[in-house]
Amino acid sequence: DVPILPPGLTFIAVSLGSDGGHNLAIYGTGGIAASATARNAGTNPASYGTFTRPTLGGTYTAFVDLAGTSGHDLAWLAGFGTPLTSTLAGGQTLLVDPADPFGELLGASVVPGPVALYDLAVPGDPLFAGFALSTQALHVGGLQPFALSNAQDLVLGYR
């Protein structure tokens, strides 16, 4: 039987027992590199950045610069599996798809500025290698209306 591999795993080697022993198949992750790629659009402030990459088993550290961009008091970070580019009535661009059938995959608490910091644990399971999601921050509080940041498109993986 040939096993169906979960996403992110690659067949590496097989050892066949010649004495009636067990056969062994070896799998690995193929070395998928963790990445965070900025995506900007429209009139959105380019306020959302990263200090680290989303490395399996590590901490994804991100920031939203509120004071240096929009002047809002609070930021909320959300991530969905589907990227999107949709211009809203006020000229800002929604870069994540809140109608994603899997729902919100990353939701961080509302954090105050002037620079909102996020330390988010990344699962260490190798089955998550290669998993991608799009993240975007919402600026709220103090000024009206709200503001949407640039996006960070993340791929979970290894250094």
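Predicted model: local features only at pLDDT ≥ 70, side-chain atom pairs only at ≥ 80, totals over all residues.
**View 1. The largest nonpolar core has 20 residues.** Inside this core, the residues with the most contacts are Tyr-60, Val-64, Leu-77, Ala-116, Tyr-118 and Leu-120. A nonpolar core here is a set of buried Ala, Val, Leu, Ile, Met, Phe, Trp, Tyr and Cys residues joined through side-chain atoms within 4.5 Å. Buried means under 20% relative accessible area, exposed means over 50%, and partly exposed is in between (1.4 Å probe, protein chains only).

Residues are numbered from 1 along each chain as its sequence is written, and side-chain values use heavy atoms, with hydrogens and water left out.

**View 2. Here is the whole chain, with 12 strands and zero helices.** Follow the sequence and you read β-β-β-β-β-β-β-β-β-β-β-β. Strands (E, at least two residues) and helices (H or I, at least four) are DSSP runs, numbered from the N terminus. Of the 159 residues in the chain, 35% are buried. Take the contacts (heavy atoms within 4.5 Å) with a separation of 6 or more: 67% of these are between residues 24 or more positions apart. The accessible surface is about 8,600 Å², and carbon and sulfur atoms hold 61% of that; the areas come from the Shrake-Rupley method with a 1.4 Å probe, and for residues only the protein chains shown count as cover.

**View 3. Zoom in on Ala-116 and its contacts.** Leaving out neighbours within four places in sequence, Ala-116 is in contact with Ala-62, Phe-63, Val-64, Leu-66, Ala-75 and Val-111.

**View 4. Three strands make an open sheet in the order β4-β5-β10.** The pairing is antiparallel; two strands pair if DSSP finds at least two bridges between them. At the edges stand β4 (48-50) and β10, each with a single partner strand, so one side of each has no neighbour in the sheet. From one strand to the next, the twist averages 25°, using axes fitted as lines to C-alpha atoms and angles from 0 to 180 degrees between N-to-C directions. Seven bridges join β5 to β10, and the partner of Ala-62 in β10 is Tyr-118.

**View 5. Two aromatic pairs turn up in the structure.** Rings of Phe, Tyr and Trp (its six-membered ring) pair if their centres lie within 6.5 Å; planes under 30 degrees apart are stacked, over 60 edge-to-face, and the rest tilted. Phe-51 and Phe-63 have ring centres 4.9 Å apart and planes at 35°, so this pair is tilted. Phe-51 sits in the loop between β4 and β5, and Phe-63 in strand β5, so the pair ties together parts 12 residues apart in sequence. Phe-51 counts as exposed, at 55% relative accessibility. The pair of Phe-128 and Phe-131 is edge-to-face, 6.4 Å centre to centre with 90° between the planes. Phe-128 is partly exposed at 35%, and Phe-131 is partly exposed at 36%.

**View 6. Last stop: Pro-112, in strand β9.** Pro-112 and Ala-75 are 37 residues apart in sequence, yet 6.4 Å apart in space, C-alpha to C-alpha. Not counting residues up to four places away in sequence, Pro-112 touches Leu-66, Asp-73 and Leu-74.
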